[in-house]
Amino acid sequence: MLLFFVGVKMLKKLLTQLFLDDIIVNISQKDGRYFVRLKEQGKDAKLRQVDIYGIESDVILLNMDKYKNQQYVFKGQLGENKRCDYLLLTEIHGKKIMLFIELKSKTFKNSEVIKKFKATECFINYCHDILNKFLNNNSLKEYIKLYVLFYKHNTSKRRTRPKILKLTCHYSNPEKYFKYSSPSSQFSLSLKKLIQL
């Protein structure tokens, strides 16, 4: 069997065949710039919205909160039914990036965030197998996996320098994910400023 690799645009077409419509999020545009809007829907959420600019029009954003089928298979005692909020697939400087994203308010447990990242990674591995077996496609294996938590912190703690997620760091491990905090409940940032290659 001949397996083939594709760019983000072609992978998006393949995933459109695979997923229900509400899992793939439409890309927004403002003033000629493309961006994705990440929203936390919980009524008690302190961090409401994160806009990520500096993306291409063919970026893939998956709303993982829309995926709930695993709860009908597993007991959930290990955290295998959990999932992070979003999954972003893009390409930066020729490198394919898969960004696992969780939005949280001020208080969170590291162990719970890690379980969400791990369970989502299991789901993506399953998607890879589906693409591989049914469409002869191996593209998801090309992606570098990075894990980031966006959360709102109180204004009394201020950073002097913005944090940057670097591929050379350990953020490709779900147990040592990147934390990006903001004092605001809504903020925006550039993807290339967040991820530095």
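**Figure 1. Four strands form an open sheet in the order β1-β2-β3-β10.** The pairing in this sheet is mixed, where two strands count as paired if DSSP finds at least two bridges between them. Strands (E, at least two residues) and helices (H or I, at least four residues) are DSSP runs, numbered from the N terminus. The edge strands are β1 (28–30) and β10, and each of them pairs on one side only. Neighbouring strands of this sheet are turned by 30 degrees against each other on average, direction ignored; axes here are lines fitted to C-alpha atoms, for helices over the stretch in contact, and angles run from 0 to 180 degrees between N-to-C directions. Please keep in mind that this is a predicted model, in which local features need pLDDT of at least 70 and side-chain atom pairs count only at pLDDT 80 or more, while totals for chains, interfaces and linings use all residues. Residues are numbered from 1 along each chain as its sequence is written, and side-chain values use heavy atoms, with hydrogens and water left out.

Figure 2. On one side, strand β2 (residues 33–39) pairs with β3 in the antiparallel sense over 5 bridges. Follow the pairs across: Leu 38 stands opposite Val 50 in β3, and the bridge partner of Val 36 is Ile 52. Strand β10 (residues 186–190) also pairs with β3, in the parallel sense and over 5 bridges. Here Asp 51 stands opposite Ser 188 in β10.

**Figure 3. Gly 42 sits in the loop between β2 and β3.** This glycine is partly exposed, with a relative accessible area of 31%. Now look for Ser 105: Gly 42 and Ser 105 are 63 residues apart along the chain, and their C-alpha atoms are separated by 10.0 Å.

**Figure 4. Five strands form an open sheet in the order β4-β5-β6-β7-β9.** The pairing is mixed here. At the edges are β4 and β9 (178–182), each pairing on one side only. From one strand to the next, the twist averages 25 degrees. Strands β6 (residues 95–104) and β7 (residues 144–152) run parallel and are joined by 8 bridges. Helix α2 (residues 110–135) lies across β5 (86–92), β6, β7 and β9, running at about 140 degrees to β6.

**Figure 5. Asn 63 belongs to strand β4 (residues 60–63).** Is Asn 63 buried or exposed? At 14% relative accessibility, Asn 63 counts as buried. Leaving aside its neighbours within four places in sequence, Asn 63 is in contact (heavy atoms within 4.5 Å) with Asp 22, Ile 23, Val 25, Asp 85 and Tyr 86.

**Figure 6. Helix α1 (residues 8–18) has buried residues and a face turned away from them.** The buried residues are Val 8, Leu 11, Lys 12, Leu 14 and Leu 15. They cover an arc of only 165 degrees around the axis, which puts them on the same side of α1; the arc is that of the directions from the helix axis to the C-beta atoms. The face of α1 turned away from its buried side carries the exposed residues Lys 9, Lys 13 and Gln 17. The buried residues of α1 pack against β4, β5 and α2.

**Figure 7. The helices α1 and α2 cross, with axes that come within 11 Å.** The crossing angle is roughly 95 degrees. That makes α1 roughly perpendicular to α2 (65 to 115 degrees; under 35 counts as roughly parallel, over 145 as roughly antiparallel and the rest as oblique). Leu 11, Leu 14, Leu 15, Gln 17 and Leu 18 in α1 meet Cys 127, Ile 130, Leu 131 and Leu 135 in α2.

Notes:
Buried < 20%, exposed > 50% of the residue type's maximum accessible area, 1.4 Å probe, protein only.
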